[in-house]
Amino acid sequence: MAAGEPATSLTAAARAAADASLAAVDADLARRYPGDPTGRQPVHTVYVPADRFARDTVHAWGEAARALLAEHAPDAPAFAAALGLPRALAGPVYERVLAKLGREPVEDLRVDFEDGYGTRPDAEEDADAARAARLLARARADGTAPPFAGLRVKSLEAPARARGIRTLDVFLTALADAGPPPPGLRITLPKAGYPEQVAAMARLCEEFERAFALPRGRLTFEIQIETTQAVLGADGRATVARMIDAAEGRLVALHYGTFDYSAACGVGAAHQSPDHPVADHAKAVMQAAAAGRGVQLSDGSTNVLPVGSTQQVHRAWRAHHGLVRRALARAYYQGWDMHPGHLPTRYAAVYGHYREGLPEAAERLAAYTGGTASGVLDEPATARALSGFLLRGLDCGALDTAEVTGPTGLTRTRLHALAGRRDP
């Protein structure tokens, strides 16, 4: 033993045996738990029935949202009063919401061929699928496409399976005519309740890659948790984690389906909402299953629309704003919006959340990286969360780079490293 080294009792063989006994566990952890998702996550998904999708849909949603603001909350004080925003946030939030609605009103668009579209003659659905692909390709080429876009097909349950697969085939084939799949392409599989359905979708993606000469793993998809079987199987086992495994690395997101899941649990129509206890249970299971697995999470939607008189619009806005704020506090950073009138409150809730949290997050992160006291003893995991918070605020436009780098002294590259993200 070298001078100054402490005495030990275990032999080298004992330590090697411990390593050997855990090699399979190490490999399994590396395969199943690659870490948190990297890169930007949209704050919402807007879904538009395929027959209503047009070249100007994104612009039209932004204009409709701005018109609703002009009519029912024409300035920052009126908007703040309608939502109960603190006075200090009123101006910055209102200005950023207006700018967002003009610049990028929709972050994630889903052309819907499922519930919002219904059952149509095959020729009609074929035509809509090909048209949607061409419109998305054209929007990507001319710079008017949202950062994320794609389609929701019908489920792989027996009655809808053939139609869902054909629509996906027509869409991807038409999209391929314009070149490789664009970045941010989203394919949504609804009503998945068995790992075998997810595995079938993964195989379909592999077949498309082969047909289009794409690299393996280029096509990914997301699933909607809308059936009770997706949360708790008939055998009593939690299903979500098994579905993530079945996707073989192609699953990028889990989306909660508010109304199908609530109805499956026997919840009456008047009480079907993202904040119902059955929703909280399902989303908690999703959250635990997805943690560390590179899979993003999305909340569902509300069907209370901001239409009618100013009083009715304000009431719907307050409800939606509250639901979004509640989801953000529970680490559900994305949700579904069903109407242009949901956009102002989606962005108001998101921007308010990050702007309110900026001073404390910046102070704590600066203290952590500088090795100084801040009144809170933060650990590396908390520093990762603080960095992720600031990056999400930057991604969606709630925060400006100078507002973050000034008080923290950290570049975006450094924030990415602290958050465990790959640098863009």
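A: In what follows, a helix is a DSSP run of at least four residues and a strand is one of at least two, both numbered from the N terminus. The model that we shall read with these words is a predicted one.

Q: Is lysine 191 buried or exposed?

A: A residue is called buried when its relative accessible area is under 20% and exposed when that area is over 50%, with partly exposed in between. Lysine 191 has a relative accessible area of 14%, so it counts as buried.

Q: Which helix holds valine 198, and what does valine 198 touch?

A: Valine 198 sits in helix H8, which covers residues 195-212. With a relative accessible area of 0%, valine 198 is buried. If residues up to four places away in sequence are not counted, valine 198 touches Ala192, Phe221, Ile223, Met243, Ala246 and Ala247.

Q: How should I read threonine 405, and in which helix is it found?

A: Follow the steps that we used for valine 198. Threonine 405 is found in helix H16 (residues 401-408), and its relative accessible area of 26% makes it partly exposed. Leaving out residues up to four places away in sequence, threonine 405 touches Leu410 and Thr411. Threonine 405 and alanine 366 are 39 residues apart in sequence, while their C-alpha to C-alpha distance in space is 9.8 Å.

Q: At what angle do helix H3 and helix H13 pack?

A: Helix H3 (residues 57-72) and helix H13 (residues 310-329) pack at an angle of about 120°, and their axes are 10 Å apart. That angle makes H3 oblique to H13. The crossing in which H3 passes H13 is left-handed. On the H3 side the contact is made by Leu68, Leu69 and His72, and on the H13 side by Thr310, Val313, His314 and Trp317. Sorted by class, the contact of H3 with H13 has four nonpolar, three polar and no charged residues.

Q: Where is there a right-handed crossing, as H5 passes H14?

A: Consider helix H5 (residues 87-103) and helix H14 (residues 342-370), which pack at an angle of about 130° with their axes 9 Å apart. H5 and H14 are therefore oblique to each other, and H5 passes H14 in a right-handed crossing. In this contact Leu89, Pro92, Val93, Arg96, Val97, Lys100 and Leu101 of H5 meet Leu343, Pro344, Tyr347, Ala348, Tyr351, Gly352, Arg355 and Glu356 of H14. By class, the residues of the contact of H5 with H14 divide into ten nonpolar, one polar and four charged.

Q: How far apart are the axes of helix H15 and helix H17?

A: The axes of helix H15 (residues 380-396) and helix H17 (residues 412-419) are 8 Å apart, and the two helices pack at an angle of about 130°. H15 and H17 are therefore oblique to each other, and H15 passes H17 in a left-handed crossing. H15 contributes Arg384, Ser387, Gly388, Leu390, Leu391, Leu394 and Asp395 to the contact, and H17 contributes Arg412, Leu415, His416, Leu418 and Ala419. The contact of H15 with H17 has six nonpolar, three polar and three charged residues.

Q: How many disulfides does the count come to?

A: A disulfide is counted when two cysteine sulfur atoms are within 2.5 Å of each other. By this rule the count comes to zero disulfides. Individual cysteines can still be read by their accessibility. Cysteine 265 has a relative accessible area of 34% and so is partly exposed, whereas cysteine 396, at 2% relative accessibility, counts as buried.

Key. Residues are numbered from 1 along each chain as its sequence is written. This is a predicted model: local features need pLDDT of at least 70, side-chain atom pairs count only at pLDDT 80 or more; totals for chains, interfaces and linings use all residues. Side-chain values use heavy atoms; hydrogens and water are left out. Axes are lines fitted to C-alpha atoms, for helices over the stretch in contact, and angles run from 0 to 180 degrees between N-to-C directions. Angles under 35 degrees count as roughly parallel, over 145 as roughly antiparallel, 65 to 115 as roughly perpendicular and the rest as oblique. A crossing is left-handed if the near helix is turned anticlockwise from the far one by less than a right angle, and right-handed if clockwise. Contact means heavy atoms within 4.5 Å. Ala, Val, Leu, Ile, Met, Phe, Trp, Tyr, Cys and Pro count as nonpolar, Asp, Glu, Lys and Arg as charged, and the others, Gly among them, as polar. Buried means under 20% relative accessible area, exposed over 50%, partly exposed in between (1.4 Å probe, protein chains only).
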